[in-house]
Amino acid sequence: MSNKKVKVEAEDDEDRRMDTKSDSDDSSDEENEEAVEGDEGITVDFEGRNPIDPDLDGIKQMLGQLFVKAHIDLSEMASAIIGQNYVGSVLKQSYNDDEEDDDEDMDMDDPCQVVFGVTTVINLRNKQDLNSIRQLQKMIFEKAEKYATELVLQQFREALESGNKTTGLLINERFINIPAAVSVPMCENLLNEMERARSKGMPYSFDYYLMFVKYYQQAASGDKPAEVIYSNDEEEYFIKESLASFDYSVQKETTTALAGQWQKKDEELQPFRKVLLIEASKLPGIITTIKNLVSSAANK
């Protein structure tokens with residue numbers, strides 16, 4: 001995989017967050033551009049690299065942020081991501097390619113070895129033999145039966161249980177305050193790698209993508225509508241193009257984990273997950289939209 005390097009503005013303190021607030025699905029183009037613009041920060045070079053064995057704990061940490069305290073074997077899922085390292089990337093701070101890259105000599109305290117994010121896809125039909133995939137699907141239907149409408153539940157069953165469709169788990173996860181700009185080369189690279197894999201007969205042809213989105217919501221108060229803040233700004237545009245979705249709260253699971261991440265005035269923000277079902281044909285257009293919005297914001 002060729003490295004995808006991009007300079008981004010990384011937030012230099014936790015009091016700054018990108019302005020991705022949505023009161024409804026009907027936002028103007030100007031609001032869309034603001035959603036991916038971000039605040040001033042320090043310039044850091046990141047790049048996507050093939051997942052390798054020393055990345056296991058870092059990938060597991062990313063999955064833990066997404067599937068907080070879920071009964072899923074995240075070590076097994078992280079190993080599966082590394083095992084298919086010809087598709088997908090981990091986000092790392094850039095370093096000189098001439099530097100020694102021997103696994104035995106790696107200093108995992110070096111920021112260049114820290115996994116800041118992961119973007120990949122797992123074929124859920126092809127990986128049904130993994131406990132982690134079965135556990136994930138069990139969790140999805142437990143949540144869907146409780147929180148989804150009957151129609152949405154049927155759509156998820158068709159995508160995941162019918163045997164007629166192939167669905168990929170699309171993972172787009174990173175540390176908080178790393179802006180949306182990094183998602184563009186990561187996602188574009190994923191599309192290219194899936195295309196190369198398909199040309200070699202590998203199982204990366206999908207009907208749907210399954211995706212989990214992290215967001216926080218402040219309850220409506222008086223004339224003030226509910227405020228939504230997405231952890232990964234660009235994922236608002238995945239939501240807009242999704243075929244079906246449902247939401248569930250992770251407040252009980254994340255009460256401790258959230259300590260120190262938000263300002264005191266944000267204590268009333270409630271953490272949620274939105275589970276999306278996206279038609280596979282929509283993914284290239286979603287990525288193009290995000291790319292254009294990021295470019296527009298950067299050129300202001």
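Trainee: Which residues form one aromatic cluster?
Mentor: This is a predicted model, where local features need pLDDT of at least 70, side-chain atom pairs count only at pLDDT 80 or more, and totals for chains, interfaces and linings use all residues. Residues are numbered from 1 along each chain as its sequence is written, and side-chain values use heavy atoms, with hydrogens and water left out. Rings of Phe, Tyr and Trp (its six-membered ring) pair if their centres lie within 6.5 Å; planes under 30 degrees apart are stacked, over 60 edge-to-face, and the rest tilted. The one cluster is formed by Y86, Y204, F206 and Y209.

Trainee: How many aromatic pairs does a search of the whole structure find?
Mentor: Happy to count with you! A pair of aromatic rings is described by the distance of the centres and the angle of the planes. For the whole structure, the search gives nine.

Trainee: How many residues apart in sequence are the parts that F156 and F246 tie together?
Mentor: Their rings sit edge-to-face, 5.3 Å centre to centre with 70 degrees between the planes. Helices (H or I, at least four residues) and strands (E, at least two) are DSSP runs, numbered from the N terminus. F156 lies in helix α5 and F246 in strand β8, so the parts that this pair ties together have a sequence separation of 90 residues.

Trainee: Is T119 buried or exposed?
Mentor: Start with its place, strand β4 (residues 117-123). Buried means under 20% relative accessible area, exposed over 50%, and partly exposed in between (1.4 Å probe, protein chains only). T119 has a relative accessible area of 4%, so this residue is buried.
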